[in-house]
Amino acid sequence: MLRFLLVSDLHYAVDKVKELKTWMDENNREVDIILVSGDLVNMVPSENDNEAKIKESEEMITEILMNLEEININVIYIPGNHDPVTTFDRPLPQLSEHSKNIHYSNIRIIEKLLLCGFGGSVPAYQENEEGILKKRWEGYPFKNDDEFKDQLEHIFSDDIVGEDILDDDKIILMTHTGPNQSNTVQDQTDLTVPVIHSGSDSLREFLLEDYQQKHVLLNIHGHTHHSTGLSRVGRTYILNPGSIRTGHFAILTLKFNGSKNKWMISGAEFHRLI
């Protein structure tokens, strides 16, 4: 049995991370690993030309990570579109003692279970009064879905994964952006306003390919703050824990099914700090 604490879109809400630790302690909850699916801070992409702002954001990420490590030292994260450029570029900085940034890389969690990471976002779109999709906000570092696709297609290649994906391996793919058409990427808090589509068509198409349908057990993402929940693309589960800045988080439980010789989802709990 493995338990994961899933948080996303912190936007430097250190107070919420401290509240989360209190909640975990008061409810006697323990996890094996914390997964953070991006937007630890709140940088504007244009600020990535400012070295002082980058340094300040890295220090803020360090503070966030150290507070998460108070819950469990096994913290694994990817960058979102509001994180500094240095969290995408090799060599990736080590911003806290225990945490690991797995953007465009992976880690084997346990036998038969890999975790792969791919950060960043694509542009989001919303229908105008004429029913035409118009860009609502930019993506970062990807200007469009084609750029996202060019890198995503190589995520499971040997030079990225660093080892063979075995025939009976299951994969957790942690992205910041989720797959388009999933209810976890449909952003709408006001029913009088058209839905904002914040997901990636390329990611959806990628997940539907035979190889991914065989191996990718779960795609964990963030980015869409208000669309907390569980969905599916084919046989692959899609999970958005929501934004911890608004108090949302999730606890995921996996179990190994010996008769089927593979990891499976045993439970997914969605919580909100009061």
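The questions and answers below walk through a predicted model, moving from its sheets to its salt bridges and its charged surface.

Student: Which residue of E16 stands opposite Leu252?
Tutor: Strand E15, covering residues 248–257, is joined to E16 by 10 bridges, and the two strands run antiparallel. Within E16, the residue that stands opposite Leu252 is Ala268.

Student: Which residue stands opposite Ile33 in E2?
Tutor: Strand E1, made of residues 2–7, pairs with E2 in the parallel sense over 4 bridges. The residue that stands opposite Ile33 of E2 is Phe4.

Student: Ile33 and Leu35 point one way from E2, so which residues point the other way?
Tutor: In a regular strand the side chains alternate between the two faces of the sheet. In E2, Ile33 and Leu35 point one way and are buried. The residues pointing the other way, which are buried as well, are Ile34 and Val36.

Student: How many of the 5 residues of strand E12 are buried?
Tutor: Strand E12, which covers residues 216–220, pairs in the parallel sense with strand E9 (residues 170–175) over 4 bridges, and in the parallel sense with strand E14 (residues 236–240) over 3 bridges. Strand E12 is largely enclosed by the rest of the structure, because the number of its residues that are buried is 5 of the 5.

Student: How many residues apart in sequence are the parts tied together by Arg29 and Glu269?
Tutor: The side chains of Arg29 and Glu269 meet in a salt bridge, at 2.9 Å from N to O. Arg29 lies in the loop between H1 and strand E2 (33–36), whereas Glu269 lies in strand E16, so the parts that this pair ties together are apart in sequence by 240 residues.

Student: About how many helical turns separate Glu19 and Lys16?
Tutor: Glu19 forms a salt bridge with Lys16, in which the closest N and O atoms are 3.6 Å apart. Glu19 is partly exposed at 30% relative accessibility, while Lys16 is buried, with a relative accessible area of 18%. Because the two are 3 residues apart in helix H1 (residues 14–26), the separation is about one helical turn.

Student: How many salt bridges does a search of the whole structure find?
Tutor: The pairs already discussed include Glu19 with Lys16, Arg29 with Glu269 and Lys112 with Asp168. Over the whole structure, the number of salt bridges found is 9.

Student: Which helix gives the most residues to the negative patch?
Tutor: The negative surface patch is formed by Asp146, Glu147, Asp150, Glu153, Asp201, Glu205, Glu209 and Asp210. Helix H3 (145–152) and helix H5 (201–208) each supply at least two of its residues; one of the patch residues, Asp201, lies in helix H5 and is partly exposed at 36% relative accessibility. The helix that gives the most, with 3 residues, is H3.

Student: What distance separates the C-alpha atoms of Gln151 and Tyr104?
Tutor: Gln151 is found in helix H3 and is partly exposed, with a relative accessible area of 32%. Gln151 and Tyr104 are 47 residues apart along the chain, and their C-alpha atoms are separated by 8.5 Å.

Notes. Residues are numbered from 1 along each chain as its sequence is written. This is a predicted model: local features need pLDDT of at least 70, side-chain atom pairs count only at pLDDT 80 or more; totals for chains, interfaces and linings use all residues. Side-chain values use heavy atoms; hydrogens and water are left out. Patches are made of residues with over 30% relative accessible area and no salt bridge: like charges are joined within 9 Å, nonpolar side chains (Val, Leu, Ile, Met, Phe, Trp, Tyr) within 5 Å. Accessible areas come from the Shrake-Rupley method with a 1.4 Å probe; for residues, only the protein chains shown count as cover. A salt bridge is a side-chain nitrogen of Lys or Arg within 4 Å of a carboxyl oxygen of Asp or Glu. Lys and Arg count as positive and Asp and Glu as negative; His and the chain ends are not counted. The place of a charge is taken as NZ of Lys, CZ of Arg, CG of Asp or CD of Glu. Buried means under 20% relative accessible area, exposed over 50%, partly exposed in between (1.4 Å probe, protein chains only). Two strands pair if DSSP finds at least two bridges between them.
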